Amino acid sequence: MFRGLRQRFEAWVTRGQRPARQPVRLDRRRIYILPTRQGYAFALLLLLLFLWSINYSNSMGFAFTFLLSAVALNSMWRAHNNLLDLVIQPGGAEPVFTGQDAQFSYRLDNPDTGPRHGVALQWRDRSPRYTDVPAQGSATVVLAVPAEHRGRLRPGRLRVLTRFPLGLLQAWSWVEFEQDCLVYPQPRGGRPLPVAMAGGTGSGVGEQGAGSEDYAGFRPYAPGDSPRRIAWRAAARTDRLLVKQFTDQARPELWLDWRLLGAEPIEPRLEQLCQWVLKAEGEGCEYGLRLPGREISPASGEIQRRRCLEALALFVGGDG
Amino acid sequence: MPWSWRKNRRERAKAAKPPEEPLTRSALIWLLAALVLAAAPHASELPIWLSVLFATVAGWRGFIALRGKSLPPRWLLLLLALLAGAGVLIDYRTLFGRDAGVALMVAMTACKLLETRVLRDGVVLVFLGYLLVMSNLLYSQEIPMVAYLFAAVLVMLAAQTLIHRPHAGLRGVAPLRLAGMMVLQAIPVMLILFILFPRIPGPLWGLPKDAYKGRTGLSDEMMPGTVSELVRSDTVAFRARFASATPPPNQRYWRGPVLWRFDGRRWTRHEELPANTPTPFVAEGAAVDYSVILEPSNRRWLFALDLPARLPPRTGMTASFQLLRDQPVNEVYRYEMQSYPNYRTGELTAAERFRGLQLPARGDPRARALAAQWRERMTRPEDRVGAALALFREQAFYYTLTPPLLGADSVDDFLFRTRQGFCEHYASAFVFLMRAAGVPARVVTGYQGGEANDLGGYFIVRQSDAHAWAEVWLAGRGWARVDPTAAVAPGRVRDGLYAAVADPGLLPFLARRGGGGEYEWLRQLALTWDALNNSWNEWVLAYGPDRQKEFLSGLGFGPVDWAEMTVAMTVTLGGFGLLVIGWRWRRRGTRDPVARAWQRFCARLARRGLARGPHEGPLDFTERVAASRPELAASVREIGRLYAILRYGPMGSPTDVRQLQWRVGRFRV
């Protein structure tokens with residue numbers, strides 16, 4: 001119940017905030033502060049000390065109680081200052097597969113002449129990630145956000161918090177950035193890689209294509225050639241890197257086709273395709289990807305892999 | 001669905017549970033240091049085994065922390081806790097009360113130390129540490145102790161910062177410096193609270209019996225030996241500051257308990273109800289105005305010169321001119337007094353006459369016989385008084401701190417056999433003789449004299465100034481003070497005890513007034529220190545509910561009640577807060593070079609009638625200026641662009657800041 005209330009309160013407090021594209025400087029209007037559980041316990045301790053002082057008419061007891069109260073008040077001011085004028089700048093996040101944690105990085109800049117200790121970023125109820133920000137310097141915090149669905153993952157509202165110096169009070173602020181992380185489908189599925197075909201428009205499923213096996217001689221290595229094609233033995237003889245060449249000009253093409261998986265619902269299909277992309281890339285093949293309304297022509301390498309995975313991640317609709 | 005819901009809940013619980021934060025090594029070391037500092041002053045009153053236990057455990061825990069060893073098993077801890085508790089119970093025969101409570105707290109802290117691992121344990125220890133600091137104040141509030149505990153609190157605050165793992169970035173003495181800064185900045189607020197927080201007179205509930213154990217002072221009965229024991233102490237009883245001329249020594253009789261009842265050996269008080277108006281008498285001559293700063297005595301009576309003519313708050317006066325407060329004095333208590341050294345009191349009531357002539361049914365036949373003789377021979381009571389004083393003066397009576405023991409008929413024994421006594425012997429024998437001679441008389445105990453501290457301009461009255469004298473009722477004069485000791489040793493009243501007593505070597509150092517010999521400089525040093533202590537007492541420790549009212553009323557607001565005090569406190573705190581905010585605001589404004597340059601730029605344009613409207617952003621504004629003053633367009637636009645980058649863009653570079661400053665500096669309208 002309190003959880004619900006708290007969420008509604010948060011939503012109400014931050015109703016005016018829009019996701020920022022730029023670094024956010026925490027100003028006094030967006031910093032909140034409340035006692036922690038420890039802070040409430042400390043208040044009880046102060047009350048106890050106060051009663052003790054009254055009961056024993058102990059003048060220095062009063063002074064001690066008031067000193068601790070004033071220090072607690074001072075710590076409130078310090079907690080607030082620890083966040084005030086802090087600048088938070090969102091960094092990028094490398095794409096991840098569904099089920100992994102997206103790693104969002106943030107840079108905290110401290111314009112002040114003194115260091116700031118124990119500043120944390122927190123995503124929802126995950127444990128806060130603390131860091132120290134040196135004077136007029138910056139620090140980086142990486143937040144792990146679980147990627148539960150493919151597509152673009154937005155971390156949403158983050159909490160910037162600190163309990164510095166005494167842990168009696170927590171000062172915090174909410175920030176939200178216009179940023180996202182690409183989430184690929186989870187590579188999953190039991191099917192073997194489809195077979196590559198010559199001249200492939202990919203219509204004849206299951207036909208044999210043997211062209212890539214017809215060896216025709218060597219040519220010199222050029223950047224971008226798959227290491228699997230390098231003729232290592234020949235290279236050792238000639239002192240140059242040579243690549244095996246094949247007579248077959250219309251090379252067999254490996255098409256990872258949406259239609260190959262006709263019977264299954266959308267997500268498992270995407271997962272299977274994702275697995276194929278990784279496998280094909282791993283085996284050094286050239287591969288293409290066909291999705292309804294999108295075709296990525298065969299190639300290999302990191303760029304191809306990214307293009308394919310991105311297409312899978314952002315795939316919308318498609319009825320087979 | 002139910003399954004997934006449950007699973008969800010479990011996950012949620014896992015996520016919500018705060019992670020355990022093991023304490024870092026440096027946090028533990030700071031914490032140990034703070035606790036040892038807080039507990040150390042107790043070593044003097046704790047049983048030795050407990051002090052040793054605490055030191056051992058602290059050392060052991062430190063060793064574990066430094067060497068990364070594992071904590072002792074739980075059963076050992078439990079055993080230790082049980083043994084320590086049993087030890088306290090055996091030693092004090094209780095677990096309650098001040099001393100046993102402190103012992104238990106020290107034992108608990110030791111046990112907790114051995115299981116301390118994570119943040120939560122650290123918090124508990126820090127809180128225990130603050131309680132230990134407080135408990136020290138119950139034993140002493142003197143300047144050295146307060147300074148020491150102040151240092152302990154600094155270390156404790158440093159430890160409190162460091163037990164939080166995220167704050168471990170504070171290294172070396174940085175935590176201590178932070179604590180110092182915090183305390184320094186907290187002091188103004190503390191002072192406001194100390195002065196203005198409405199004080200409530202305590203206690204709120206019953207205190208343990210041993211709450212104020214070990215306080216020396218006058219008791220409410222007198223036997224041979226009570227006063228002569230007391231004068232062996234040079235503890236300060238109270239200090240007095242005279243607003244008017246200082247009365248001479250023979251008028252400096254500080255009136256304490258008045259004793260009426262005699263059982264042959266012991267003098268005791270008669271319960272008199274205090275009235276809330278001063279007991280009337282006829283004053284002759286000028287009044288003496290002074291203030292008394294009374295040390296805690298755990299007794300209700302307040303001391304005043306003969307005869308007091310006004311009442312401090314919450315105090316009443318008995319018919320025998322004794323001041324009684326509603327609560328025992330357990331704090332340093334300051335009150336304003338007025339007395340008339342020359343006076344006549346009124347008629348004797350029947351009850352007073354009865355009590356003033358009371359004697360034990362039997363005993364001391366020789367003294368009674370002597371008094372009966374005086375009664376027959378002399379008609380005027382004054383002559384009988386004179387006869388008794390002459391007896392002391394002319395016979396071989398000695399004034400000594402170590403009188404011989406007295407037998408069953410104590411008065412006879414003293415008057416006719418030993419003839420060596422201290423003031424209580426003389427007062428007791430004198431009043432006995434007077435009563436037997438038909439003159440109403442009573443014993444008054446209190447203090448006589450006092451040492452002037454010229455540096456502080458006040459008098460110190462020590463326990464060694466304790467005294468007992470007599471009062472007799474004479475027609476026409478009322479109750480008149482008679483000091484039989486003065487008849488034996490006139491120097492006692494004039495120069496103090498050290499000069500008068502036969503065996504001054506028994507007196508403590510500070511009580512040897514004028515007799516310090518070659519160590520007199522040391523006594524003078526002690527007096528300087530005492531002057532400091534007196535100011536501390538007068539201005540700080542004595543600042544209780546009464547002094548607070550008096551002080552605040554004295555500021556010219558008239559009488560103040562707690563509601564007004566609360567308002568004053570809130571207003572002062574708020575004012576102070578605003579002051580701090582304002583100061584920070586100004587500093588922020590001047591510290592930020594970008595804002596300063598921009599403000600200068602805007603001010604310059606404003607002087608030419610181109611003021612920036614509150615709705616205008618920097619770019620809108622500079623565009624408007626550029627449109628109306630085309631000759632300035634280029635530089636104005638550049639300034640606006642730079643400012644916008646620095647203020648609203650992603651982190652501007654220091655070069656941009658310099659650019660802006662340079663351009664604004666060169667800008668002329």
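**Exercise 1. In which loop of chain B is Leu307(B) found?**

Solution. This is a predicted model: local features need pLDDT of at least 70, side-chain atom pairs count only at pLDDT 80 or more, and totals for chains, interfaces and linings use all residues. Residues are numbered from 1 along each chain as its sequence is written, while chains are lettered from A and ligands numbered from 1 in the order in which they are written.

Step 1. Find the flanking elements. Helices (H or I, at least four residues) and strands (E, at least two) are DSSP runs, numbered from the N terminus. Leu307(B) lies in the loop between strand 8 (304-305) and strand 9 (315-317) of chain B.

Step 2. From Asp306(B) to Leu307(B) the peptide bond is cis, with omega near -20°.

Step 3. Recall the general rule. Most residues other than glycine have a negative phi, and most peptide bonds are trans.

**Exercise 2. Examine two loop residues of chain A, Pro165(A) and Arg124(A).**

Solution. Step 1. Take Pro165(A). Its place is in the loop between strand 10 (157-162) and strand 11 (169-176) of chain A. The peptide bond from Phe164(A) to Pro165(A) is cis, and omega is near -5°.

Step 1. Take Arg124(A). The loop between strand 6 and strand 7 of chain A holds this residue. Arg124(A) has a phi near 45°, a positive value in a residue other than glycine.

**Exercise 3. Judge the confidence of chain A and chain B.**

Solution. Step 1. Know the score. pLDDT is the predictor's confidence in each residue, from 0 to 100.

Step 1. Read chain B. The average pLDDT of chain B is 87, and 95% of the residues score at least 70. In chain B, helix 1 (residues 2-16) has the lowest confidence, at a mean of 46, and helix 7 (residues 143-162) has the highest, at 96. Two residues are in contact if their C-beta atoms, placed from the backbone, lie within 7 Å. Residues 12-16 of chain B also have a pLDDT below 50, with three contacts beyond near neighbours in sequence.

Step 2. Read chain A. Its average is 84, and 90% of the residues score at least 70. Over residues 200-211 of chain A the pLDDT is below 50, yet this stretch has 19 contacts beyond near neighbours in sequence.

Step 3. Apply a caution. Where pLDDT is low, the predicted coordinates should not be read in detail.

**Exercise 4. How do helix 2 and helix 7 of chain B pack?**

Solution. Step 1. Get the geometry. Axes are lines fitted to C-alpha atoms, for helices over the stretch in contact, and angles run from 0 to 180 degrees between N-to-C directions. Helix 2 (residues 25-39) and helix 7 of chain B pack at an angle of about 155°, with axes 8 Å apart.

Step 1. Name the arrangement. Helix 2 of chain B is therefore roughly antiparallel to helix 7 of chain B. The cut-offs are these: under 35 degrees is roughly parallel, over 145 roughly antiparallel, 65 to 115 roughly perpendicular, and the rest oblique.

Step 2. Sort the contact. Count Ala, Val, Leu, Ile, Met, Phe, Trp, Tyr, Cys and Pro as nonpolar, Asp, Glu, Lys and Arg as charged, and the others, Gly among them, as polar. The contact of helix 2 with helix 7 of chain B has 14 nonpolar, one polar and no charged residues.

**Exercise 5. Describe the pairing of helix 6 and helix 7 of chain B.**

Solution. Step 1. The axes of helix 6 (residues 119-137) and helix 7 of chain B come within 10 Å and cross at roughly 175°. These helices of chain B are therefore roughly antiparallel to each other.

Step 1. Val126(B), Gly129(B), Tyr130(B), Val133(B) and Asn136(B) in helix 6 meet residues of helix 7 of chain B, including Met145(B) and Leu149(B).

**Exercise 6. Which helix of chain A gives the most to the side that touches chain B?**

Solution. Step 1. The contact takes 43 residues from chain A and 46 residues from chain B.

Step 1. Helix 3 of chain A gives the most, with 15 residues.

Step 2. The residues on this side of chain A divide into 23 nonpolar, 15 polar and five charged.
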